[in-house]
Amino acid sequence: MALSAGAAHERAEALSRPRANRLGLWLFFASETFLFAAFISARFVSSGTYKPEELNQPLALFLTVVLLGSSISAYLAETSIAHGNRQGLIRYLSITILLGLAFLVGVGFEFKEAIEYFPPETIYGSNFLALIGLHGFHVFTGVVALAVVLRLGTKGHFEPDDYWGVEGVVKYWHFVDLAWVVIFPTLYLF
Amino acid sequence: MRPLIRAVVLGLVGYVAGAWLTVAVRGGSPSDDVAVTFGFILGLIGWLMGIGVWNAWAREWFGLPAKPDQATGWQRYLTFNTDHKVIGVQYLVTFITVLLLGGFMALIMRWELANPGQDFLDPDTYNKLMSMHGILMIATAVAGILGAFGNYLVPLMIGARDMAFPRVNAMSFWLIPPVAIGLLSAPLLGSFDSGWTAYPPLSVVNEGGQVLFILAVITFGLSSILGGLNIVTTVATMRAPGMSWGRLPIFVWAAFAASVLSLLITQFFAASLILILLDRAAGTTFFLAEGGGDALLYQHLFWFYSHPAVYIMVLPAFGVMLEIITHLARKPLFAYKVVVAGFWGIVGLSVAVWAHHMFTSGMAESLHAPFMALTEAISIPTGLVFLGALGTLWQGRLQSKTPLWLAFGWLFNFTIGGITGIYLADVATDIHLQDTYFVVAHFHYTIVGGTIFALIAGSYFWFPKITGRMYHERLGKIFAVWLTVGFNLVFIPLFWVGINGMNRRIADYPEFFAGPNAFASVAAYILGAGFLLYAGNLLWSARRGPAADPNPWGARTLEWQLPSPPPEHNFPLLPEVVGHPYDYGIPGSVHVAPMTPEGGEEA
């Protein structure tokens, strides 16, 4: 049975598009996991489980809570647009961006404090700079992506049956949070 | 032409802006490591936006309608075109060019090595030339087949209209020119003399060209990752009805397996180079002993990518060669399922063998035996692939065509490459052979003899599909013999000098090695001259060759059921796969149901 060309292709395309998008995103996460794994293994290979006393654990724990909280607001943003609640989308995306920025400021503060005690010229300082920098860069790109989606949302883009942009960015945000959940103990607890 | 000019201008503006801003903020020279880094990053963004990422893609992020490039004819190849066939040809032409360029550098090196003593290259220049040759050829081997045939053939073979992410695909290709520009402009900053492996501490303390190497290779890694992601997603989600996993053409399996590997482990190369960049530009001390760092860490991170990378190079080559062999032997592919299992066995084992590059590095001796055993175990899945190739040829009705001639050369070369690999995997012999020309010869037998032979064979085999014209068969066969014989004449003597202790990566050698080196140098020029025949045949045939039949090999896979070259979006009707692709000689067997337009409308 040969289906008519245009119709059959469009149907196949419509069926496979969300699957392809999601799979592509998850493959990207798998790839990124290897990047984080390389940096994390470098920390244990070069510094073992050593950690300096001067690390500000309470601040880092607070930042962890901030970042995990932002995952909740990101999730609420996604469910809002899934139910057609544009106001909710805008509100929760804004909260997520603010929490992300708060995290970046906090990490920057902690970093500035920390390198007084263990500068990059020491091996733990090298690991600290690399891991914080790598993760900070991911948070930064996540904030930029959230801002792009927020702006599109305020202009009336995305519908309950078509919000891949929101879904993709929110999933990326969860991934970045999860990476921190591994990096926090790697740097602060071992 | 306009997008290309815009890309060059924006790339240059980005570079100057990045370097200048860095100098304005922190002082220093515009050619120091930090300024070059920011210049390269902004230049890369400028280049991508100029070539078409902005028009075809990024405008959507700002709520503006995308404006994809509408160029037609040959100008498509110079624009941000999302047709996977255009991208495949872009990759093919680019990497054949890089191959010839890298080969030309090898000829200069062989000129210097023709006699003992210093002729015209000082040792430093020699090392820089050797490093450049290395990284250009590695890039060709990694992305040549996957980029060219992976892009061109995978959607055709599985009955899809395009790749899953056409714009990501176009970006994967357009990341390549900045890589080439970055590498080839490294001599402006003193070039890099650390080989393609970029071992620290040398790569942390040498001249600024190393930074361009690092940035270019990270960019190249990004291109590989995006390309791999695209191929995996395409195969997983866009197969035509009836194209079950058990009916995938073997090249698709090979490209899929290599893409999974590339997608994941390329990040380790990026990571190891980012750490070197931090050591150079941010004052960290990962690989410098005085700050508590350890150069061995680099070797672990680097080889965790770079050993599996040889399987990223060679798995697609297996796929190409098995396609050629089965179509031209007119027999079902022998042990299809076993071959696929072999591919996955290679993928699995390849990430557990990296430290065999480090037997003499001073790593823990307890690691020697396990890495030796695991490395030697990889010959089992590789043997399964060879079983498929030999079993298919056995009692086949061999069609005497250039690609099949090259396939025989490939079988011979890769067998030698595989057997000599055992002596390098074995700790006892490796301690003697490491860092000699034995390694050089072994590596060239696997990568040139394996991968580049497949790239060349594939460029003949799919030439009629890509161009719609036929290459010159007799000249093709002459080249196949020339290449196989010439290649072996160059590299067989290098095994001998290596066993006797001639060190690689050094511009000079003792009088004792003069004879074989002179022989290898003469042979290298004979081999190099052969490529004029190759390029001449394909270039001339692409313009003036006789029109080719859509299916000159009588092959069954989907790409041969279409006109040559296939139209945009490939299939006028959604193809329906009803049988295995390789059931040659089995009565009543069919791969694709007839694609007749029964009242269907044109796409």
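Begin by selecting chain A, which has 5 helices and 0 strands, and keep in mind throughout the tour that what you see is a predicted model. If you follow chain A along its sequence, the elements come in the pattern α-α-α-α-α. Chain A has 190 residues, and 36% of them count as buried. When you look at contacts in chain A with a separation of 6 or more, 80% of them are accounted for by residues 24 or more positions apart.

Next, show chain B as well, and look at where the two chains meet. Here 35 residues of chain A are in contact with 42 residues of chain B. To see which parts of chain A are involved, select α1 (5-47) and α4 (123-154), the elements that give two or more residues to the side touching chain B. The largest share of that side, 21 residues, comes from α1(A). If you colour the residues of this side of chain A by class, you will find 22 nonpolar, 10 polar and 3 charged.

Where they touch, 14 residues of domain 1 of chain B are in contact with 14 residues of domain 2 of chain B. Select helix α2 (residues 33-61) of chain B, because this helix, as its DSSP run is numbered, is the source of the largest share of the domain 1 side, 12 residues. By class, that side of domain 1 of chain B has 10 nonpolar, 3 polar and 1 charged residues.

The last stop is the largest nonpolar core, which has 238 residues, and in which Met321(B) and Ala457(B) are those with the most contacts inside the core. Select helix α9 (residues 250-281) of chain B to see where the largest share of this core, 24 residues, comes from. Domain 1 (1-64) and domain 2 (81-561) of chain B both give residues to the core, and therefore it lies between them. As a general background, nonpolar side chains tend to be buried together in soluble globular proteins.

Finally, centre the view on Met321(B) and show the residues that it touches, leaving out those up to four places away in sequence: they are Ala389(B), Ala407(B), Trp410(B), Ala454(B) and Ala457(B).

Conventions. Residues are numbered from 1 along each chain as its sequence is written. Chains are lettered from A and ligands numbered from 1 in the order in which they are written. This is a predicted model: local features need pLDDT of at least 70, side-chain atom pairs count only at pLDDT 80 or more; totals for chains, interfaces and linings use all residues. A nonpolar core is a set of buried Ala, Val, Leu, Ile, Met, Phe, Trp, Tyr and Cys residues joined through C-beta atoms within 7 Å. A residue is buried if 20 or more other C-beta atoms lie within 10 Å of its own, exposed if 12 or fewer, and partly exposed in between; C-beta atoms are placed from the backbone. Helices (H or I, at least four residues) and strands (E, at least two) are DSSP runs, numbered from the N terminus. Domain bounds come from an automatic or database domain assignment. Two residues are in contact if their C-beta atoms, placed from the backbone, lie within 7 Å. Ala, Val, Leu, Ile, Met, Phe, Trp, Tyr, Cys and Pro count as nonpolar, Asp, Glu, Lys and Arg as charged, and the others, Gly among them, as polar.
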